[in-house]
Amino acid sequence: KQWYQRRVAITPGGLDIVKRMTDSSKKMVVFYGSQTGTAEEFATRLCKEARYYGISAMSADPIEYDVETLKELRDVEDHISVFLMATYGEGEPTDNALQFHEFIKNEETDLTGL
């Protein structure tokens, strides 16, 4: 958990996922919530499979990105968003997906078009 806290401190507010996708010409993003690394590994595999089919893809740790910028993903033409989230314990979100989980639980969050 401390590792994630240090990482967030390095990038206050997080990065803009839309800027990252457009700067790197990616059409697909696979967000992963992982406690032990399994979901991260699956996300990496899914990106490799997408490239096999001609889709430029990237995996993304949700803790690195500003969750508010997720709404802007709908502005990326012909994009694909995948959310691969593991849980632990009694279904709790992983440490790196906690902020994302709180964001989508908010009734005012509108992710239509993702």
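Two strands pair if DSSP finds at least two bridges between them. Strands (E, at least two residues) and helices (H or I, at least four) are DSSP runs, numbered from the N terminus. The legends below describe a predicted model, in which local features need pLDDT of at least 70 and side-chain atom pairs count only at pLDDT 80 or more, while totals for chains, interfaces and linings use all residues. Residues are numbered from 1 along each chain as its sequence is written, and side-chain values use heavy atoms, with hydrogens and water left out.

Figure 1. The average pLDDT of the protein is 85, where pLDDT is the predictor's confidence in each residue, from 0 to 100. A score of at least 70 is reached by 88% of the residues. Over residues 1–12 the pLDDT stays under 50. For this stretch the model has 11 contacts beyond four places in sequence, a contact meaning heavy atoms within 4.5 Å. Where pLDDT is low, the predicted coordinates should not be read in detail.

**Figure 2. The open sheet of three strands.** The strand order is E2-E1-E3, and the pairing is parallel. Strand E2 (57–60) and strand E3 (80–85) are the edge strands, each pairing on one side only. On average, neighbouring strands of this sheet are turned by 20° against each other, direction ignored; axes are lines fitted to C-alpha atoms, for helices over the stretch in contact, and angles run from 0 to 180 degrees between N-to-C directions. Strands of a sheet pair through backbone hydrogen bonds, either parallel or antiparallel.

Figure 3. Four bridges link E1 (residues 28–33) with E2 in the parallel sense. Val29 has Met58 of E2 as its bridge partner, Val30 has Ser59, and Phe31 stands opposite Ala60. The path from E1 through H3 to E2 is a right-handed β-α-β crossover; right-handed means that, with the strands pointing away from the viewer, the path from the first strand over the helix to the second runs clockwise. E1 and E3 also run parallel and are joined by six bridges. In E3, Phe83 is the bridge partner of Phe31.

Figure 4. Six of the six residues of E1 are buried, that is, under 20% relative accessible area, with exposed meaning over 50% and partly exposed the range in between (1.4 Å probe, protein chains only). Met28, Val30 and Tyr32 lie on one side, and Val29, Phe31 and Gly33 on the other; both faces are covered. In a regular strand the side chains alternate between the two faces of the sheet. Helix H3 (residues 38–52) lies across E1, E2 and E3, and runs at about 165° to E1.

**Figure 5. Leu73 in the loop between E2 and E3.** Leu73 belongs to this loop and is buried, because its relative accessibility is 0%. Leaving aside neighbours within four places in sequence, Leu73 is in contact with Ile17, Val18, Met21, Val29, Phe31, His79, Ser81 and Leu114. Among these, Val29 and Phe31 are residues of E1 that are themselves buried.

**Figure 6. Thr109 after helix H4.** The segment that follows helix H4 (98–105) holds Thr109. With a relative accessible area of 16%, Thr109 is buried. A polar atom of the Thr109 side chain lies 2.7 Å from the backbone oxygen of Phe103. Beyond neighbours within four places in sequence, Thr109 is in contact with Phe103 and Ile104.

**Figure 7. Two loop residues with positive phi.** Ser25 is in the loop between helix H2 (17–23) and E1. Its phi is near 55°, a positive value in a residue other than glycine. Ser25 counts as exposed because its relative accessibility is 55%. Asp78 is in the loop between E2 and E3. Asp78 is not a glycine either, and its phi is positive at about 55°. With a relative accessible area of 63%, Asp78 is exposed.

Conventions: A polar contact is a pair of N or O atoms within 3.5 Å; within protein, one must be able to donate a hydrogen and the other to accept it, and residues adjacent in sequence count only if both atoms are side-chain atoms.
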